[in-house]
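Please view the structure alongside the text.

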Amino acid sequence: MRRPTIMDIAKSAGVSKGAVSYALNGRPGVSEETRKRILDIAHDLGWAPSNPARALAPGGRVGAVGLVVDRPARSLGIEPFFMQLVSGIEMELSSAGTDLLLQVTEDTGAEIEVYRRWASERRVDGVVMVDLRVDDPRPDAARSLGLPAVLLGGPYDGDGLPCLYTDDAASVREVVHYLAALGHRRIARVAGPEELVHTRIRGEAFREAAAVAGLEEAYSVHADYTGEAGTRTTRRLLASAERPTALLYDNDLMAVAGLGVAAEMGVDVPSQLSIVAWDDSALCRLVRPSLTAISRDVVGHGRQVARMLGRVLADERVESEESSVGEMQPRGSTGPLVVSHVSAVTSE
């Protein structure tokens with residue numbers, strides 16, 4: 001059906017377009033009786049303001065914010081972290097009558113092109129950026145485009161872009177010392193992409209905590225957060241001559257995949273192998289044994305970053321904020337190491 005226009009309202013009300021404009025925008029020029037009649041007709045016709053038209057007005061907004069996710073599309077739909085994050089952002093935006101425009105891209109260059117298109121077409125009022133990278137070009141690109149932005153991740157050392165960040169290092173230290181107390185001396189971390197800032201922060205904390213705990217061996221291998229990558233990486237680790245007795249995964253999908261590989265290769269969890277996942281989710285609680293995990297209020301983080309962006313769009317001065325530290329939730333996938341010497345196993 002054709003979108004109702006101001007002219008349609010004017011014809012139905014028997015008034016001029018100018019009178020309709022006054023009424024819809026809350027401006028003087030019409031009586032209260034006429035204003036109410038016009039508003040009632042607009043409601044009955046299903047009229048809504050045009051976002052592009054609102055954007056053209058001085059100080060106008062389109063009533064939408066953008067989120068671009070540069071992750072493998074095949075895993076994004078089943079990764080609980082982003083589903084919870086989007087849920088939190090949506091909860092906050094909906095209360096303000098603002099829409100969320102979500103797009104998935106394959107790399108940083110494509111993401112910046114999306115920002116360029118959104119800015120030129122006035123599609124969004126601002127954006128939430130996720131997954132801060134080392135030497136990340138996106139903040140400078142947003143500034144050059146005049147596109148307001150808030151970063152989820154960091155901390156960010158640049159100017160003019162507030163971020164919401166978490167002390168991931170504290171959670172890593174907690175996990176390493178917990179596993180060491182259980183008797184594990186060889187721990188491997190299945191990490192996310194190496195270029196991500198939070199991956200490097202976790203990696204540095206992992207090495208430092210391992211040194212403090214006096215572990216025999218502690219190292220990180222990088223993957224892309226998908227279950228497939230978690231499967232391949234875990235097979236290689238468990239087939240090594242001196243296989244680790246504990247694994248820390250940077251997300252829940254890879255951890256669930258790793259648990260399946262352990263069962264496939266006859267490695268008992270937790271007597272021969274302990275597993276810890278980053279970001280607790282329903283997946284971690286539904287598998288058997290259930291996965292020990294770092295729990296964070298991801299929905300709350302989504303709401304908080306949306307509020308920060310709202311203040312930026314209101315021309316308020318917004319400083320970076322630190323969110324609550326994740327808490328480890330011990331479950332059935334971690335326990336004391338029963339077999340002190342574990343020989344390598346092979347997989348077909």
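Which residues touch the most other members of the largest nonpolar core? Of its 25 residues, they are Leu238, Tyr249, Leu273, Ile275 and Leu291. A nonpolar core is here a set of buried Ala, Val, Leu, Ile, Met, Phe, Trp, Tyr and Cys residues joined through side-chain atoms within 4.5 Å, where buried means under 20% relative accessible area (1.4 Å probe, protein chains only). Two or more residues each come from E6, helix H11 (227-238), E8, helix H12 (252-264) and E9; H12 gives the most, with five residues. Another core, of 22 residues, lies apart from it and includes Leu67, Leu93, Leu152 and Val298.

The model is predicted: local features need pLDDT of at least 70, side-chain atom pairs count only at pLDDT 80 or more, and totals for chains, interfaces and linings use all residues. Residues are numbered from 1 along each chain as its sequence is written, and side-chain values use heavy atoms, with hydrogens and water left out.

Helices (H or I, at least four residues) and strands (E, at least two) are DSSP runs numbered from the N terminus, and two strands pair if DSSP finds at least two bridges between them. Six strands, in the order E7-E6-E8-E9-E10-E12, form an open sheet with mixed pairing. Its edge strands, E7 (217-222) and E12 (327-329), each pair on one side only. From one strand to the next, the twist averages 20°. Strand E10 (residues 292-295) and E12 run antiparallel and are joined by three bridges; Ser295 has Glu327 of E12 as its bridge partner.

Helix H9 (residues 168-181) lies across E6, E8, E9, E10 and E12, at about 170° to E9. Helix H10 (residues 197-213) lies across E6, E7 and E9, at about 175° to E6. Contact means heavy atoms within 4.5 Å; axes are lines fitted to C-alpha atoms, for helices over the stretch in contact, with angles from 0 to 180 degrees between N-to-C directions.

Technical notes: Buried means under 20% relative accessible area, exposed over 50%, partly exposed in between (1.4 Å probe, protein chains only).
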